[in-house]
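Work through the exercises below with the sequence and the 3D structure open beside you. Try each task before you read its solution.

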Amino acid sequence: MSEDAIMRLQQTGLFKRLREIEKKEVNETCLEDNEISQNIISVVRKAAPLLDRVPENMPEFTLHNANHSIHVIENMGRIIPPETLKQLNAIEISILIYAAYLHDIGMIASRGEHKEIVKTNEFKQLLTSNEELYEKFEEAKNRGDYEEALDIENKAFTDFLRRNHVQRAHKIIKEYELDSEISWRGISYSKWVKTVCESHGLPVKDLYNTKLWPNDTFVLEQPVNVQYLAIIFRLADILDIDPERTPKFLFYFINPKDEVSINEWKKHFSITGFQITPEKIKIVADCKHPQHERKLRLQKNKTSRAYY
């Protein structure tokens, strides 16, 4: 899976532009420097199989695997105007690519971590906050139906990961020592990758804070506009409406029971076409149910709020 993910990455416009910049550097200095692209490949080789584990704890969710990362990268290539892309340097392009692979990695959790999380007060507060769900949980335990109780607990655990996956991504990046590879000439810039990842879980008004999302910072002599990168990334993430993310055969195999998940899958099924350019975003859909149209209109509003 990792090698397939790397092959697909290498075919994207953003990665090709990064390699052009590196080759230009070789021509101008006679020094070969593929450090950034090679570091990206190394991180993707680790991240792709981890992302494949997301369904273990989020079985009814639409896919958040390496293919989703590719769609986000492709969308960023569609959104960024060609003249602007020419002005982005290798560090900035790499931050966008890293964010595409690492922003959802907080959705994974090992069995051991799962056991530890459900013991925490934070998880217990989440479980008890849904009175109807918690009542069913207690009733199942009292009558000895531990299978149903476990199903309810797992549903709450899925919700826990969904709510906390942005913050958990920082933990995973550190735990798997990915931050040590997000560097150039000995200088780590994983801080800015984490900041861009974090942006997709926040209101856009938070990005106005240029102390946290600076538009004029540097990695060595390379300027980095973190604020712009965050806006482009979060918009590209929202716009992953590619059918590959929601294959129908997988929907029927999973047979989701959660109403929110069902509507999310069917919202994607209703999309019959889309156009994403620097000037225009257009989505064409044939909705069979008012709820699916409502979900699409909510997505339209969310897209609008992604950058202003």
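Predicted model: local features only at pLDDT ≥ 70, side-chain atom pairs only at ≥ 80, totals over all residues.

Residues are numbered from 1 along each chain as its sequence is written, and side-chain values use heavy atoms, with hydrogens and water left out.

**Exercise 1.** Work out at what angle helix 8 and helix 9 pack, and which residues make the contact.

*Solution.* Begin by locating helix 8 at residues 121–129 and helix 9 at residues 131–142; helices are DSSP runs of H or I with at least four residues, numbered from the N terminus. Next, compare their axes, which are lines fitted to C-alpha atoms over the stretch in contact, with angles running from 0 to 180 degrees between N-to-C directions. The angle is about 100°, and the axes are 5 Å apart. Helix 8 is therefore roughly perpendicular to helix 9, a term that covers 65 to 115 degrees. Finally, list the contact (heavy atoms within 4.5 Å): Leu-127, Thr-128 and Ser-129 come from helix 8, and Glu-131, Tyr-134 and Phe-137 from helix 9.

**Exercise 2.** Find how many aromatic pairs the whole structure has, and describe the pair of Phe-123 and Phe-160.

*Solution.* Rings of Phe, Tyr and Trp (its six-membered ring) pair if their centres lie within 6.5 Å, and the search finds nine aromatic pairs. For Phe-123 and Phe-160, the centres are 6.2 Å apart and the planes make an angle of 65°, so the pair is edge-to-face (over 60 degrees). Since Phe-123 lies in helix 8 and Phe-160 in helix 10 (residues 146–175), the pair ties together parts that are 37 residues apart in sequence.

Conventions
Helix = DSSP H or I, 4+ residues; strand = E, 2+ residues; numbered from the N terminus. Parallel < 35°, antiparallel > 145°, perpendicular 65-115°, else oblique. Phe/Tyr/Trp six-rings, centres within 6.5 Å; stacked < 30°, edge-to-face > 60°.
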